[in-house]
Amino acid sequence: MKKIVVASDSFKGSVSSAEVAECAEIAIHRVFPDCEVVKIPVGDGGEGTVETLIAALGGESVSCAVHDPLMRPIEAVYGILGDRRTAVIEMAAASGLTCVTMPERNPLLTTTYGTGELIKDALNRGCRNFLIGIGGSATNDGGTGMLQALGFRFLDKAGNELGSGGQILSQIYTVDRSEVLPQLRESLFTIACDVSNPFYGEQGAAYVFARQKGADDAMIRLLDEGLRNFAEVIERTAGIEVNKISGAGAAGGLGGGFVAFLKGTLKPGIRMVLEALRFDEQIQGADLIITGEGKLDQQTCMGKTPLGVLRAAMEQDIPVIVLGGSVMEVDLLNASGFLAVLPLLPYPVSLEQAMDKDFTKGNIMRALEQQLRVIRYYRK
């Protein structure tokens with residue numbers, strides 16, 4: 001083999017994407033010493049997206065003073081890529097569930113304001129292209145907090161400016177854009193969104209996601225009514241039927257807020273990442289691609305990292321091997337188009353041992369080397 005690409009997600013809690021690639025490279029060179037190995041750390045737009053894209057494209061992490069979902073001061077980190085124009089932001093860094101304790105969770109009160117502050121900081125540093133992951137939110141405010149941080153003002157029927165959180169949604173009557181940051185007019189927003197839920201309704205943001213954010217039945221009904229009202233305001237003032245946009249309900253309606261007010265584009269997370277990496281260009285001429293993640297199952301076939309890699313590879317007729325720490329639904333994975341599905345565990349072990357970094361790295365090298373030895377035999 002002349003060229004093999006390694007493009008794996010991390011095995012969460014065990015090894016990083018870069019470590020998977022390093023182990024794979026060792027195994028490849030044991031079998032094909034002269035093979036070119038192209039290592040491309042990837043992810044699906046969730047946790048780790050900032051580190052993944054900085055590692056692949058260069059750039060730096062930036063620490064910024066913002067507010068958490070309950071408007072308490074915190075430090076959050078985002079990335080600016082090597083072109084100095086692209087910011088990579090995980091909304092969970094400022095507005096995520098991990099920022100609040102279980103007793104503090106209340107989507108009537110929590111706000112995406114801190115996410116807006118991260119965007120504002122990046123705008124002030126010259127960024128005009130934004131790649132934003134919106135998984136893990138603690139909020140259900142339709143993106144109003146994020147927009148408030150960027151200069152949008154939400155007013156009630158009497159013209160009074162409203163506060164923050166999901167509690168304001170039912171009171172919004174109009175939107176004042178007079179103080180919106182002018183840099184936004186020349187900015188592009190690509191949002192990693194892996195759900196198709198609408199803005200409101202039985203499958204909308206409140207009914208599907210708000211309970212895990214601390215809402216009870218009464219709160220859920222109130223939040224849904226608020227999102228319905230906000231959607232009506234958006235249609236009346238901007239002519240956008242936000243509830244017809246697939247994924248508008250993501251992150252408590254933040255997906256819809258990005259589309260309606262910042263002309264954001266919602267894309268599957270892995271697609272956003274692969275496009276940023278120019279993945280199609282990097283894999284040209286490859287004989288094989290190796291991908292993987294910690295757990296391979298039915299969810300893998302619904303748009304996670306390995307499937308995104310597979311689909312890109314199939315466009316160029318490149319076979320793909322997938323590695324997994326835990327493997328289920330092998331028949332389904334094979335039917336998806338993978339050349340081989342490789343479980344890593346050589347024998348029954350405890351969960352603690354299975355997650356051990358050195359154990360996992362050794363298993364990656366062992367399993368992959370054995371598969372490559374078979375390929376080498378049949379390529380003679």
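A residue is called buried when its relative accessible area is under 20%, exposed when the area is over 50%, and partly exposed in between, using a 1.4 Å probe and protein chains only. Helices (H or I, at least four residues) and strands (E, at least two) are DSSP runs, numbered from the N terminus. The model described here is predicted; local features need pLDDT of at least 70, side-chain atom pairs count only at pLDDT 80 or more, and totals for chains, interfaces and linings use all residues. Residues are numbered from 1 along each chain as its sequence is written, and side-chain values use heavy atoms, with hydrogens and water left out.

Helix α11 spans residues 305-314 and is mostly covered, with 8 of its 10 residues buried. These are T305, P306, L307, G308, V309, L310, A312 and A313. They pack against α9 (269-276), α10 (279-282), β11 (288-296), β12 (320-327) and α12 (330-336), where contact means heavy atoms within 4.5 Å.

## Nonpolar cores

A nonpolar core is a set of buried Ala, Val, Leu, Ile, Met, Phe, Trp, Tyr and Cys residues joined through side-chain atoms within 4.5 Å. The largest one here has 59 residues, and I119, F130, F152 and F258 touch the most other members. Leaving aside residues up to four places away in sequence, F130 touches A87, I89, I119, A122, L123, S187, L188, F189 and T190. A second, separate core holds 34 residues, including V5, I40, I54 and V322.

## Strand β1

V5 also belongs to strand β1 (residues 3-6), which is covered on both faces. K3 and V5 are buried on one side, and I4 and V6 on the other. In a regular strand the side chains alternate between the two faces of the sheet.

Strand β1 pairs with β2 (residues 36-39) in the parallel sense over 4 bridges; two strands pair if DSSP finds at least two bridges between them. E36 of β2 is the bridge partner of K3.

## Salt bridges

A salt bridge is a side-chain nitrogen of Lys or Arg within 4 Å of a carboxyl oxygen of Asp or Glu. The whole structure has 17 of them. One joins E25 and K39, with the closest N and O atoms 2.9 Å apart. Because E25 lies in helix α1 (residues 17-31) and K39 in strand β2, this pair ties together parts that are 14 residues apart in sequence. E25 is partly exposed at 22% relative accessibility, and K39 is partly exposed at 38%.

Another salt bridge joins E60 and R84, again with the closest N and O atoms 2.9 Å apart. E60 is in strand β3 (residues 59-67) and R84 is in the loop between β4 (73-81) and β5 (86-90), so the pair links distant parts of the chain, 24 residues apart. E60 counts as partly exposed at 33%, as does R84 at 40%.R72 and D68 also meet through their side chains, at 2.8 Å from N to O. R72 is partly exposed at 31% relative accessibility, whereas D68 is buried at 2%. D68, R72 and E104 are linked in a network of salt bridges.

## A nonpolar surface patch

V374, Y377 and Y378 make a nonpolar surface patch of about 390 Å². Patches are made of residues with over 30% relative accessible area and no salt bridge, with like charges joined within 9 Å and nonpolar side chains (Val, Leu, Ile, Met, Phe, Trp, Tyr) within 5 Å. Accessible areas come from the Shrake-Rupley method with a 1.4 Å probe, and for residues only the protein chains shown count as cover. Y377 is found in helix α14 (residues 357-378) and counts as exposed at 52% relative accessibility.
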